[in-house]
Amino acid sequence: MQYATLHRGVNFLIGLSEKYDILDTLSESNKCVVMSARSRTDGEQVVIRVIYNAAEGILQSLLRVKSPHVVQVLDVVQDGSDVILVEKFIEGGTLRQFLDNGGQLTEDEILFLFVQLCHALTAIHREGIIHRDLKPSNIMFHNGVAVLIDFDVARQHDPFQSQDTVYMGTKGYAAPEQYGFAQTDKRSDIYSLGVVMKELLGGRITGVKYQDVIKKCTQFDPANRYQSVNEILKELRPFSKAGRAFHIRQLRTKMSVPKKIGYVVMGFYCLVVLLPQPHEVTVWDYILSKILYLELVVLLFVPFLNIFHIRDWFPFLKHKNFLLKILGLFLYAVAYVVLLLETNMIVNALYSEQAKSLLVS
Amino acid sequence: MKKRTEELMQILEKEQDIVSYIHYNNEDLSSKTLSECLSEFLAQYDMKKADVINRSGLNQIYAYQIFAGTKNPSRDKVIALMFGFMMSVDDGNVLLRAAGMSDLYPRDKRDAVVIFGLNNALDVEEVDDLLFELGEQTIEN
């Protein structure tokens, strides 16, 4: 794992520009600007987040957070009153995009998500960080893993402060105390977590096996909520046993341009191979022949477009080591050839006599 | 319609009471920050921040910080932003004043090249080439 380092000042800003090529502005608000960039050394895509007037205290804490459910911070710089974060780019879509596309999750899948987000909050609360803006657009998915992003309005809990001076967060998800009634603490994140879960369940929690947990999370008075995320995890444990084995299905994600082009090319070849050939005498011959040809085309694209999520289960295809990745591709190529030869043999045996004679001649 | 600077100067010369001057000319007194000014020009020129920044040739992170008001840019960086906006010289001077800097001055050789660049819609690189050819320091990006 790459560990983040803390930098300060203009020199690092110059270093940052030399280290990364800024590709695009992803979003911009009066709080921050988010840019996509690519590392000049290894070509890795990253996200650069410039947070205006951010508290310095949060920097050291952010560097210490290590969780698969919290976005990995690669570099942090305190630049005057601003904080610049370089984060690992997470491929995948946000929960917001999923919901906006009409996506729905089962009760068990939501529970699985609930547990993952509890782990994310445990990791940040342990470092004294309060997210303060937990909502579907700040939750990303990568290979079925939920990752909490966007620490723009996060703050460090100050036990000596009685209330927040500035309201931050998002209406609908923010806890009542974030509107200035009291100081926000980890119970504010617990409130938002409950609201997100409620939304995922379509607003109706009656009959849901963990409804009491959600109700307690969303209590108006922080004193009546869970006092820590560990308490939630303890309560969810009996329910989550049943759900431990399943994997949240891959959420629909925004497809990258090269991937789109890949699909178009594959689609084109599929159409070409569907054209009738002279040896396809009967309908049966046509079907058999096309099974073989489509297999030839589609399987060729499978590892490159990650069809059937092959990179998740085929050996070495997802490996960080380049040579092992090549080995994975070689193994796939062997499997591809063997599968094609086998299919060819079966198809040839099943062709009509006329087709066979045409193929022989 | 805002009063011209010369007009305000004449009023001020005749004015006996500074409080009354401020009271009656309050709208014409500029108290905007550079950041506020930049936002107003974005609306006025109907431009996107990202496009202005790209055209200015400034470091993108630094430029966003200028827009956010968390960085105090040098005069050259404000000039680079003028080219990002493809501004008129008058508007460019408004920006410079908001940043607490002196107007573009036609008697100054380097400023004259910048004014020429703005008047002729040159981009930053073209103005830099011109400055270089004329032995002047290029715009510091």
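The paragraphs below walk through a predicted model of two protein chains, from overall makeup to a few individual residues. Local features are described at a pLDDT of at least 70 and side-chain atom pairs count only at pLDDT 80 or more, while totals for chains, interfaces and linings use all residues. Residues are numbered from 1 along each chain as its sequence is written, with chains lettered from A and ligands numbered from 1 in the order in which they are written.

Let us start with the two chains. Chain A contains twelve helices and ten strands, whereas chain B has nine helices and zero strands. Here helices (H or I, at least four residues) and strands (E, at least two) are DSSP runs, numbered from the N terminus. Of the 361 residues in chain A, 31% are buried; for the 141 residues of chain B the figure is 27%. A residue is called buried if 20 or more other C-beta atoms lie within 10 Å of its own, exposed if 12 or fewer, and partly exposed in between, with C-beta atoms placed from the backbone.

Contacts tell you how each chain folds back on itself. Two residues are in contact if their C-beta atoms, placed from the backbone, lie within 7 Å. Taking contacts in chain A between residues at least 6 apart in sequence, 62% join residues at least 24 apart.

The predictor's confidence in each residue is its pLDDT, from 0 to 100. Chain A averages 82, and 84% of its residues score at least 70. Over residues 245-253 of chain A the pLDDT is below 50, although this stretch has 20 contacts in the model beyond near neighbours in sequence. Within chain A, confidence is lowest in strand β1 (residues 5-8), with a mean of 49, and highest in helix α6 (residues 211-217), at 94. Where pLDDT is low, the predicted coordinates should not be read in detail.

The contact takes 16 residues from chain A and eleven from chain B. On the side of chain A that touches chain B, the elements giving two or more residues are α1 (9-19), β2 (20-28), β3 (32-39), β4 (45-51) and β6 (82-88). By class, this side has nine nonpolar, five polar and two charged residues. In that count Ala, Val, Leu, Ile, Met, Phe, Trp, Tyr, Cys and Pro are nonpolar, Asp, Glu, Lys and Arg are charged, and the others, Gly among them, are polar.

Six of its seven residues are buried, so β6(A) is largely enclosed by the rest of the structure. β4(A) and β6(A) run antiparallel and are joined by six bridges, with A:V46 partnered by A:K88 of β6(A). Strand β5 (residues 73-79) of chain A is also antiparallel to β6(A), again through six bridges; there, A:D75 stands opposite A:V86. Strands count as paired if DSSP finds at least two bridges between them. β5(A) and β6(A) form a hairpin with two residues between them, and A:G80 in the turn has a positive phi of about 65°.

Finally, turn to helix α9 (residues 283-305) of chain A. At 1.5 Å a residue, its 23 residues should span 33 Å, and the end C-alpha atoms are 31 Å apart, which agrees; the expected span is 1.5 Å times one less than the number of residues. A:D285, A:L288 and A:S289 are buried in α9(A), and the buried residues of this helix pack against α11 (322-350) and α12 (353-360) of chain A. A:Y293, also in α9(A), counts as partly exposed because it has 18 C-beta neighbours inside 10 Å. Just after the helix, A:N306 takes a positive phi of about 55°.
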